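Good morning, and thank you for coming. Please look at the structure as I put it on the screen.

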Amino acid sequence: VILGLVTDSDVTRRALAKRVNIETTAISEIMTANPTCVEATSSALDALQLMINSRFRHLPVTATQGTGPAVLHINRCLYAAITLLEQLADRAKKQAHADKQRIAETVLEVVKSGKTVGTAAVIAPLLESLTSDKAATVSTLLEAEDRSNCILESTASVRTATQVMTQTRQAIAAVDCEGRLVGILS
């Protein structure tokens, strides 16, 4: 049984942003109690869907016979999903264009039907690129979300940055007085 989970986001939102004394505050006071968990035998795609729909970056994996408890990071799931999509794209290129388009449209419908609109907006351009000769670019992915509140001058205080991160639940781009990227807080 996993009693709780503490992530960097919990430290930022529940301790630093609220000016909690981190020297004397117990982990149990800022942790997410009774977190949602999956078993090691659970489907990786089910775990990814759970993480996307619930906006988790970390998912506890309960111990099963032969394995210990672990924490699954969304990056690992996304990497596996992207690898699968690349394999599907490679197979689709070898098939007739109609088959390729049908596969991509089916996957696209599944993604767009998800509860997390922002995620569908980011993933959709990637999947749409399967039906065209033009691959999605990083710029295409960034256009899918409003990041205007996530840019601060590098002279802003760490406190201000953590408060903005808490409100927007996004990383901060630190820029100099000329608007050039000088750092990232995540």
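This is a predicted model: local features need pLDDT of at least 70, side-chain atom pairs count only at pLDDT 80 or more; totals for chains, interfaces and linings use all residues.

Residues are numbered from 1 along each chain as its sequence is written, and side-chain values use heavy atoms, with hydrogens and water left out.

A nonpolar core is a set of buried Ala, Val, Leu, Ile, Met, Phe, Trp, Tyr and Cys residues joined through side-chain atoms within 4.5 Å. Buried means under 20% relative accessible area, exposed over 50%, and partly exposed in between (1.4 Å probe, protein chains only).

The largest nonpolar core has eleven residues, among them V38, L48, M51 and C77. Helix 3 (44-54), strand 4 (58-62) and helix 4 (74-94) each supply at least two of its residues. Helices (H or I, at least four residues) and strands (E, at least two) are DSSP runs, numbered from the N terminus. Helix 3 gives the most to this core, namely four residues. A second, separate core has six residues, including C150 and V164.

I turn now to the loops. Most residues other than glycine have a negative phi. R19, although not a glycine, has a positive phi of about 60 degrees; R19 lies in the loop between helix 1 (8-16) and helix 2 (27-30). N34, also not a glycine, has a positive phi of about 45 degrees. Is N34 buried or exposed? N34 is exposed, because its relative accessible area is 62%.
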